[in-house]
Amino acid sequence: MLLIQNVTVIDPKSGTQALGDILISGDRIQKIAPVIEPPTGAEILDGSGLCAGPGLVDVHVHFRDPGLTYKEDILTGAAAAAAGGFTTVVMMANTKPPIDSVEAVRYVLNKGKETGIHVETCGTVTVGMQGKKLTDMRALKEAGTAGFTDDGVPLMDEKLALEAMAAAAALKVPISFHEEDPTFIVNNGVNHGKASEYFGIGGSDRQAEISMIGRDIALAAQTGCCMDIQHISTKEGVELIRRAREEHPGLDIHAEATPHHIALTEEAVIEHGTLAKMNPPLRTTEDRLAIVEGLVDGTIDLIATDHAPHSVQEKAKLLTEAPSGVIGLETSLAVCVTELVEPRYLTLCQLMEKMAYNPARMYHLDCGYLAEGGPADIVLFDPAAGFVVGESFRSKAVNSPFIGQELKGVVRYTICNGRVVYENPAP
């Protein structure tokens, strides 16, 4: 047994926050109360000054395994997740080969069992992520996929997208879309505007995202599928989702914001170069604030890292040649505490809702909340403790635009299935 004492318990499911104790027995929470008498032989963890939230749930990570494990693998990705307070992650399927077969699904899930956290995976929507033929989505679902996505590649064939949505709806799983029409992109990863002008390149126009979001909202309305619009970056995209929710309240549409789109603008690309290059790109201050407002009013209901590791050698290439993507698992909570909670855009309970409860609900996972009888997946963190992001991570990669930045919110312990899988106690 493990008894956590004197901790601020935050449960986004019930919307409650109160000082108390948490008693863990096995992989479940046995009791939550203001004071719990320590059972004989119980291990005691002093939570004074800490908050206990549900283990964070990230529905958008790239672990590069199989095939690209020089960037990351499932074991190192899971270690990075645990260090960031995450107890459940959903892998994207753009590995090499892609996760488009039953064998690939089984490989990922079996290797995930070797980690200390819960590793789920999506399967691809199309065979080989070629955008031409749907995978056997039913077989992949039966093998254990949590949902479907060709993330990294937009699905341009409208008829095929509609068929995929209908298939996902029949299987009752989410389908997630990377919303970037290449017609509007000259050089990806950099906003068409101040940043592209600074570097003298074409960049990625905002219309690339806007057009695709509009199309897919219309298609989702025809199928009733559970659709996730990934890593939103434009104010117009936020407004399209807001309007769709108002006009069609029954639509099961979700939207992700990444920590980097919450915190940064295209100015970061000018300052950090390839370390701030990602798809879709960082855009303007107006776009950033629209994303924050979307989180505040519930238009955007998910925060997901889009953890995208690359090697130092790859990111050292010219801006137009380096791959897009940044890591995020180990800094996500702190970025969100600093940028959303400290300025009072969100409460800690609302943040836990978007980083744990809502993501878990979308994927029908039994996690993301704290309750008696519920899973003992918990993050213990100090929201007031500050630190400077260093240059070493548990991830294999170091491609972070937050290196050198001072943030608030230190993860002290991550507990998954009742076991401590990460600890960083205060000195």
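Author: A salt bridge is a side-chain nitrogen of Lys or Arg within 4 Å of a carboxyl oxygen of Asp or Glu. The model is predicted: local features need pLDDT of at least 70, side-chain atom pairs count only at pLDDT 80 or more, and totals for chains, interfaces and linings use all residues. Residues are numbered from 1 along each chain as its sequence is written, and side-chain values use heavy atoms, with hydrogens and water left out.

Reader: Which lysine meets aspartate 73 in a salt bridge?

Author: Helices (H or I, at least four residues) and strands (E, at least two) are DSSP runs, numbered from the N terminus. Aspartate 73 lies in the loop between β6 and α1 (74–83), and its partner lies 323 residues away, in the loop between β14 (378–388) and β15 (406–416). With 3.0 Å from N to O, the partner is lysine 396.

Reader: Is aspartate 287, which forms a salt bridge with arginine 206, buried or exposed?

Author: Aspartate 287 belongs to helix α10 (residues 285–297), whereas arginine 206 is in the loop between α5 (194–199) and α6 (207–223). Their closest N and O atoms are 2.4 Å apart, and Glu236 is linked with both in a network of salt bridges. Buried means under 20% relative accessible area, exposed over 50%, and partly exposed in between (1.4 Å probe, protein chains only). Because its relative accessibility is 1%, aspartate 287 counts as buried.

Reader: Which residue in β12 is the bridge partner of cysteine 226?

Author: Strand β11 (residues 226–229) pairs with strand β12 (residues 252–257) in the parallel sense, over 4 bridges. Within β12, the partner of cysteine 226 is aspartate 252.

Reader: How many disulfides does a search of the whole structure find?

Author: A disulfide is a pair of cysteine sulfur atoms within 2.5 Å. The sulfur of cysteine 51 is 11 Å from the closest cysteine sulfur, in cysteine 349, and is therefore too far for a bond. Cysteine 122 is likewise in no disulfide, as the nearest cysteine sulfur, that of cysteine 226, is 11 Å away. The number of disulfides found in the whole structure is 0.

Terms used: Two strands pair if DSSP finds at least two bridges between them.
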